[in-house]
Every structure is written in C-alpha cells, then in structure tokens.
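Hi there,

My notes on what turned up follow below it.

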Amino acid sequence: MTSAHQGTGAGQRPAGLHVATIAHQGLLWEAYLEFVDEPRLPRSFRGRFRFERSGQDGAGRTAETTVVIIEDSYEEAVGKARSMDDRQLESLLRSALPSPD
C-alpha cells in the first residue's frame, strides 16, 4: 500500500469512478476506483482505490492502495469495487494512510 500524499492542485489526477463515501476517525472520505491500465484493453482490468478527504480542512488530502482488484471485465471490476462494504473500505483506507507517530 502506498502512503497518503498531498494533491497537486491543477496537476492533480482525475478522481476515477466514485464508489462510496465512508467515515474514518470522524472524517468523511470519498472512495474512487482508479484503473491502473487502460480499461479498454482485453486482458484484465486492474484497479486500486483512491481516497480523498472531504471538507475544506481535507482539501487535497489523498491516499491510495496498491492494485486490489483484478477482473476479466470492466463491469466485473466495477461490481467488485461497489460490493465492498464500509468496513472493508475503511480497512483499505487505514492501510493506505501513514502510521500515526
């Protein structure tokens, strides 16, 4: 998993496909499915989650996982991402955030 990082404003990547809004430690986070490879290629559809903190105090705060979804079709990958419940997504978010000091 990768650590959290600050967004880069105008050069920031597109958010991806929104799959959920979750709460973690009293803060809201938007969860997006982001494809690593071109999703129109016929081999496999590999996706990771990208989390963006909601609210003005969290602007630009993001965290992302490594690839956690690998499916044979775009629809299966999106279905797998959307089937994850809040508890699973929060666990992924926790694993992507830097360790508290």
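Strands (E, at least two residues) and helices (H or I, at least four) are DSSP runs, numbered from the N terminus.

Before going further, please note that this is a predicted model, in which local features need pLDDT of at least 70 and side-chain atom pairs count only at pLDDT 80 or more, while totals for chains, interfaces and linings use all residues. Residues are numbered from 1 along each chain as its sequence is written, and side-chain values use heavy atoms, with hydrogens and water left out.

Two strands count as paired if DSSP finds at least two bridges between them. These are the pairings of β4:

- Strand β3 (residues 27-35) runs antiparallel to β4, and seven bridges join them; E34 stands opposite R48 in β4.
- Strand β5 (residues 61-64) pairs with β4 in the antiparallel sense over three bridges; the bridge partner of R50 in β5 is E64.
- Strand β6 (residues 69-71) is also antiparallel to β4, again with three bridges; I70 in β6 stands opposite R46.

As a general point, side chains in a regular strand alternate between the two faces of the sheet.

**A closer look at R46**

R46 has its place in strand β4, and with a relative accessible area of 30% this residue is partly exposed. Leaving aside neighbours within four places in sequence, R46 is in contact (heavy atoms within 4.5 Å) with E34, F35, V36, D37, V67, I69 and I70. As for I69, 23 residues separate it from R46 in sequence, yet the C-alpha atoms of the two are 5.5 Å apart in space.

**Aromatic pairs**

How many aromatic pairs does a search of the whole structure find? The search gives two. In one of them, the ring centres of F49 and F51 are 6.2 Å apart and the planes are at 25°, so the pair is stacked. For the cut-offs: rings of Phe, Tyr and Trp (its six-membered ring) pair if their centres lie within 6.5 Å, and planes under 30 degrees apart count as stacked, over 60 as edge-to-face and the rest as tilted. F49 is buried, with a relative accessible area of 0%, and F51 is buried with a value of 0% too.

**Helix α2**

Which residues of helix α2 (residues 86-96) are buried? They are L89, L92, L93 and A96. Seen down the axis of α2, they fall within an arc of 100°, so they line one face of the helix; the arc is that of the directions from the helix axis to the C-beta atoms. The cover over these residues includes β2 (17-24), β3, β4 and β5.

**The chain as a whole**

The protein chain has two helices and six strands, in the order β-β-β-β-β-β-α-α from the N terminus on. Of its 101 residues, 35% are buried. Among contacts between residues at least 6 apart in sequence, 56% join residues at least 24 apart. The accessible surface of the chain comes to about 6,100 Å², of which 48% belongs to carbon and sulfur atoms; areas come from the Shrake-Rupley method with a 1.4 Å probe, and for residues only the protein chains shown count as cover.

Best wishes

Note on methods:
Buried means under 20% relative accessible area, exposed over 50%, partly exposed in between (1.4 Å probe, protein chains only).
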